[in-house]
Amino acid sequence: MARAPQEVFTDHGKRLGTGDLGLITANYTEDAVLVTPEGTLTGHQGVREGIGRLLADLPDADWQLTPQFAGDVLFLQWTAATTTHEVTDGVDTFVFRDGLISAQTVRYTLSPRTTRTV
C-alpha cells in the first residue's frame, strides 16, 4: 500500500535534514517535475539540482512550516533562517502519486538576515 501524502511529507522533512540528495531524491517519482521561477527541472537529476540549490542557500536553517493538505496536493507556506540569510515568503506546492512526490513548485526570496535589537 502506498504511503499517504502526510507520511511522504513527514519523511521528506527528515530526509531534507540529512542533506543527502540521493536520500531526498528517493521520495520523488522518476519522472518528477520541479518548477521554479528559473524554469522546470525534471527527473531525479532535476530534483537533485533544485533541492541542492535550496539547501545551499539555507544550510542548517531553522524552518517554520505551515502545511495544508487537500487529498494528493499540499500547499506549503514556510520561513527559514540561517545565521546569515533568511526566507520569509517561501511557498511550495506538492503533488503526490503512488506514495511519492510527482510534482513540486518552489518559490522563495533569499535575503540577508536582519539583526534585531531590543
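**Reading the helices**

Mentor: In helix α1, the buried residues are P5, V8, F9, H12 and R15. They cover an arc of only 125° around the axis, which puts them on the same side of α1. The arc is that of the directions from the helix axis to the C-beta atoms. Buried means under 20% relative accessible area, exposed over 50%, and partly exposed in between (1.4 Å probe, protein chains only).

Trainee: What should I know about the model and its numbering?

Mentor: This is a predicted model: local features need pLDDT of at least 70, side-chain atom pairs count only at pLDDT 80 or more, and totals for chains, interfaces and linings use all residues. Residues are numbered from 1 along each chain as its sequence is written, and side-chain values use heavy atoms, with hydrogens and water left out.

Trainee: Why do residues three or four places apart point the same way in an α-helix?

Mentor: An α-helix has 3.6 residues a turn, so residues at that spacing point the same way. Now look at the other side of α1: K14 and G17 are exposed there.

Trainee: What covers the buried residues of α1?

Mentor: The cover includes α2 (21-25), β1 (28-36), β3 (62-70), β4 (73-81), β5 (85-97) and β6 (100-107). Contact here means heavy atoms within 4.5 Å. The helices (H or I, at least four residues) and strands (E, at least two) are DSSP runs, numbered from the N terminus.

Trainee: How do I check the length of a helix?

Mentor: The expected span is 1.5 Å times one less than the number of residues. α1 covers residues 5-18, which is 14 residues. Its first and last C-alpha atoms are 20 Å apart, close to the expected 20 Å. For α3, the 15 residues should span 21 Å, and the end C-alpha atoms are 21 Å apart, which agrees.

Trainee: Which residues of α3 are buried?

Mentor: They are G43, G46, V47, G50, I51, L54 and L55. They cover an arc of only 160° around the axis, which puts them on the same side of α3. The face turned away from that buried side carries the exposed residues Q45 and A56.

Trainee: Where is E49, and is E49 exposed or partly exposed?

Mentor: E49 is in helix α3. At 40% relative accessibility, E49 counts as partly exposed. The C-alpha atoms of E49 and L34 are separated by 9.6 Å, and these residues are 15 apart along the chain.

**Reading the strands**

Trainee: How many bridges join β4 and β5?

Mentor: Eight, in the antiparallel sense. L76 has D92 in β5 as its bridge partner. This hairpin has three residues between its strands.

Trainee: What else does β5 pair with?

Mentor: β5 pairs with β6 in the antiparallel sense over seven bridges. There, V95 stands opposite A103 in β6. Two bridges also join β5 to strand β7 (residues 111-112), again antiparallel. E86 has S111 in β7 as its bridge partner.

Trainee: How is empty space found?

Mentor: Rolling a probe the size of a water molecule over the atoms shows where empty space is left. On a 1 Å grid over the protein atoms alone, a pocket is an open set of points where a 1.4 Å probe fits, with protein on both sides within 12 Å along at least five of seven lines. Lining residues have an atom within 4 Å of a point.

Trainee: Which residues lie nearest the centre of the largest pocket?

Mentor: They are G13, L16, G17, L55 and W63, out of 20 lining residues. The largest share of the lining, five residues, comes from α1.

Terms used: Pairing = 2+ DSSP bridges.
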